[in-house]
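Reader: I have a structure open and would like to go through it piece by piece. Can we start once it is on screen?
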Amino acid sequence: MSWDRQINLKTAAEIGMMREAGRINAKALQAAAAIIRPGVTTADLNAAAEEVLKKHGVYSPFKNYPGPYPYPASICTSVNAELVHGIPGKRKLIEGDIVSMDCGTVYKGFVGDSAITVGVGNLSEPAQRLLDVTRESLRIGIEQMVPGNHIGDIGAAIQDYVERNDMNVVREYTGHGVGRQMHEGPAVPNYGIPGRGMELKAGMTIALEPMVMLGSYHTTVLPDEWTVASRDGALTAHFEHSVAITEQGPVILTEL
Ligand code: MF3
Ligand code: CO
């Protein structure tokens, strides 16, 4: 992905439309999460999310997104060692799996992009800890999204928290600006040095997406050419929110 993309500041009205996109996106993810149980396929999760998007007359920007071949679904489903960009299909979830679901919504020309990782039934202690640490690292990163801070402050806060919990942040993928395009500038790594990188300004809208790995941070792309997984096969998790930076502080756009 190329990250030398334009940074577009949004007006309050535009942020309002992104909030609507984000609300629908949250509903779609909630609907998919609600059917998770052993025996459900990842294609079923995609169908549940799609049904919500359809009801609202919107679509996912993931569908046909350019890549090795056009992305074939509305959401990404990434199970266990799979980190991001997993393609929904016939795989049946089993007790103890963790599945990341990443969904996008275009509403009146503006994009919402968010992801959650959900467990299937009872989880092992390491899997549960991975979900808790990844979810909390997103919250900690969002706290740094205030005007005057720098991109590096966000990544540093996430990295510090994750590494203190003996886990690793991915290096080969980042968060990103979001707006009229799903991927705008700036790139927002989940690692960094405080005070470094671009200064944050009110009106920036960013999809922050910590990708956390129980093993090493190296990744590999599976033979389907889309799915990104940990190279060592260890568990990974992913949470994402689209967030607006405002004078009043960060506003999460992709919640109900
Ligand atoms: N949330 C993911 C991202 O920010 C979605 C991209 S999947 C794709 O990169 F299929 F659309 F590429
Ligand atoms: Co994203």
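This is a predicted model: local features need pLDDT of at least 70, side-chain atom pairs count only at pLDDT 80 or more; totals for chains, interfaces and linings use all residues.

Reader: Let's start with helix 4. How many residues does it have, and how far does it reach?
Author: Helix 4 covers residues 151-164, which is 14 residues. From its first C-alpha to its last it reaches 20 Å, close to the 20 Å expected at 1.5 Å a residue.

Reader: Is helix 4 mostly covered or mostly open?
Author: Mostly covered: 11 of the 14 residues in helix 4 are buried. Among them are I151, I154, I158, Y161 and V162.

Reader: What does the backbone do just after helix 4?
Author: D166 sits there with a positive phi of about 60°.

Reader: Which other residues have a positive phi without being glycine?
Author: H85 is one, with phi of about 65°, and K108 is another, with phi near 45°. H85 lies in the loop between strand 2 (82-84) and strand 3 (98-107). K108 lies in the loop between strand 3 and strand 4 (110-119).

Reader: Buried or exposed, for H85 and K108?
Author: H85 has 17% relative accessibility, so it counts as buried. K108 is exposed, because its relative accessible area is 61% and the cut-off for exposed is over 50%.

Reader: Where is the cis peptide bond?
Author: It runs from G185 to P186, with omega near -5°.

Reader: Which residues of helix 1 are buried, and what covers them?
Author: The buried ones include I15, M18, A21, G22, L29 and A32. Their cover includes helix 2 (42-55), strand 3, strand 4, strand 8, strand 13 (241-246) and strand 14 (249-252).

Reader: How many residues are in the largest nonpolar core?
Author: That core has 28 residues, and those with the most contacts inside it are M145, I154, V162, L200, I206 and L208. Helix 3, helix 4, strand 8 and strand 13 each give two or more residues to this core. The largest share, seven residues, comes from helix 3.

Reader: What is M145 in contact with, leaving aside its neighbours within four places in sequence?
Author: M145 is in contact with I154, L200, I206, L208, V243, I245, G249 and P250. Apart from this core lies another, of 22 residues, among them A21, L29, I36 and A49.

Reader: Now the ligand. Which residues come nearest to ligand 1?
Author: There are 13 residues around ligand 1, and D102, D113, H176, H183 and E209 come nearest.

Reader: What do the polar side-chain atoms of H183 and E240 lie next to?
Author: For H183, a polar side-chain atom lies 3.0 Å from an oxygen atom of ligand 1. For E240, a polar side-chain atom lies 3.2 Å from a nitrogen atom of ligand 1. The protein covers 98% of the 330 Å² of accessible area that ligand 1 has on its own.

Reader: Where does E209 lie, and is it buried or exposed?
Author: E209 lies in the loop between strand 8 and strand 9. At 7% relative accessibility, E209 counts as buried. An N or O atom in its side chain is 3.0 Å from an oxygen atom of ligand 1. Beyond its neighbours within four places in sequence, E209 is in contact with residues including D102, H176, N190 and E240.

Reader: Last one: where is L253, and what is it in contact with?
Author: L253 is in the segment after strand 14, and it is buried, with a relative accessible area of 1%. Leaving aside its neighbours within four places in sequence, L253 is in contact with residues including I15, M18, G22, T205 and V243. L253 and V228 are 25 residues apart in sequence and 26 Å apart in space, C-alpha to C-alpha.

Notes:
Residues are numbered from 1 along each chain as its sequence is written. Chains are lettered from A and ligands numbered from 1 in the order in which they are written. Side-chain values use heavy atoms; hydrogens and water are left out. Helices (H or I, at least four residues) and strands (E, at least two) are DSSP runs, numbered from the N terminus. The expected span of a helix is 1.5 Å times one less than its number of residues. Buried means under 20% relative accessible area, exposed over 50%, partly exposed in between (1.4 Å probe, protein chains only). Contact means heavy atoms within 4.5 Å. A nonpolar core is a set of buried Ala, Val, Leu, Ile, Met, Phe, Trp, Tyr and Cys residues joined through side-chain atoms within 4.5 Å. A residue is near a molecule or strand if one of its heavy atoms lies within 4 Å of it. A polar contact is a pair of N or O atoms within 3.5 Å; within protein, one must be able to donate a hydrogen and the other to accept it, and residues adjacent in sequence count only if both atoms are side-chain atoms. Accessible areas come from the Shrake-Rupley method with a 1.4 Å probe; for residues, only the protein chains shown count as cover.
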